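Work through the following exercises with the sequence and the model at hand. Each task is followed by a stepwise solution.

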Amino acid sequence: MKTPPQLGGGCTQEPAGGEAEDRPALRVACLKTASMKAALISTTGSHCRVWRSAYRDEQGQSSDGKYTEFVIKYPNKQYDPGDARILAMQHRMLRKTLREMVPASLVVRSCIEGRANLFVVAEAVDIWFNIANPTNRDEAVGLLRNHPIALDQLNRFIAQARRWRGGPDPRVIDLYGLDNLVMTRDREIRYVDSYFVFFFEDMLHLLGGEPDLDLASKIDISLQRLAYIEDIALTAARPG
């Protein structure tokens, strides 16, 4: 993705931010928030809050005037350079295997609230509904039947998720976040998570003590939702 012009300047300890209702109150040194309008669209994630904004290409201001929509995933906790490398590596893995289903993104290291941290800027997705939510089952099946591109994408996602689970380094893709796998207004499938997108079952007993019940619950729910989307994909492939 092109780097938004709001990502400018060097990293300093001086926070940037605006408190107006239509501006992100983000204390990020390398974000020009004083000139950025944005809307807070999600506060439910365990890793980040999500702001949505847009910019117009400088060359297009006098011609087509087109805007590029993007989101800023602002961290809820402290991350170090090793975390940034993991996020970037996982994003490359997703893009290589799931291709267009994963919006382009950048992991950015900067001074956030006066401390070195990271955030993610990614292409915005116009979400229609959550494809992994069982309450949407009938609608999901109908839409998948009517939109073969989305059905093909969902089948590719399922196949890849099964390969990851059964591979030499087993991992479970994060479907615990209810908005991670969505159908867009263009009736295509997108996986939009950016922070630590895999769970590893071998970490349940990492220190040989009591199992990590929170991790176990997230893995279990992710596998249940994987089984659910597999079921609706199979149902949608059968004649109605």
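**Exercise 1.** State what share of the chain counts as buried, and describe its secondary structure.

*Solution.* In this predicted model, 45% of the 240 residues of the chain count as buried. Next, count the elements: there are 4 helices and 10 strands. Read from the N terminus, their order is β-β-β-α-β-β-β-α-α-β-β-β-β-α. Finally, take the contacts with a separation of 6 or more: 61% of them come from residues 24 or more positions apart.

**Exercise 2.** Determine how the buried residues of helix α2 are arranged and what they pack against.

*Solution.* Helix α2 spans residues 137–146, and its buried residues include Ala140, Val141, Leu143 and Leu144. Viewed along the axis of α2, the buried residues fall within an arc of 170°, so they line one face of the helix. Asp138 and Asn146 are exposed on the other side of α2. The packing partners of the buried residues of α2 are β6 (127–130), α3 (148–166), β8 (181–184) and α4 (213–237).

**Exercise 3.** Classify the packing of α3 and α4 from the angle at which their axes cross.

*Solution.* The axes of α3 and α4 come within 10 Å and cross at roughly 140°. An angle over 145 degrees would count as roughly antiparallel; α3 is therefore oblique to α4. The crossing of α3 past α4 is left-handed. On the α3 side, the contact residues include Leu151, Leu154, Phe157 and Ile158; on the α4 side, Leu223, Leu226, Ile229 and Ile232 are among them. By class, the residues of this contact comprise 13 nonpolar, 1 polar and 3 charged.

Conventions:
Residues numbered from 1 in each chain as written. Predicted model: local features only at pLDDT ≥ 70, side-chain atom pairs only at ≥ 80, totals over all residues. Heavy atoms only, no water. Buried < 20%, exposed > 50% of the residue type's maximum accessible area, 1.4 Å probe, protein only. Helix = DSSP H or I, 4+ residues; strand = E, 2+ residues; numbered from the N terminus. Arc of directions from axis to C-beta. Contact = heavy atoms within 4.5 Å. Axes fitted to C-alpha atoms, helices over the stretch in contact; angles between N-to-C directions. Parallel < 35°, antiparallel > 145°, perpendicular 65-115°, else oblique. Left-handed = near helix turned anticlockwise from the far one by under 90°. Nonpolar A, V, L, I, M, F, W, Y, C, P; charged D, E, K, R; others polar.
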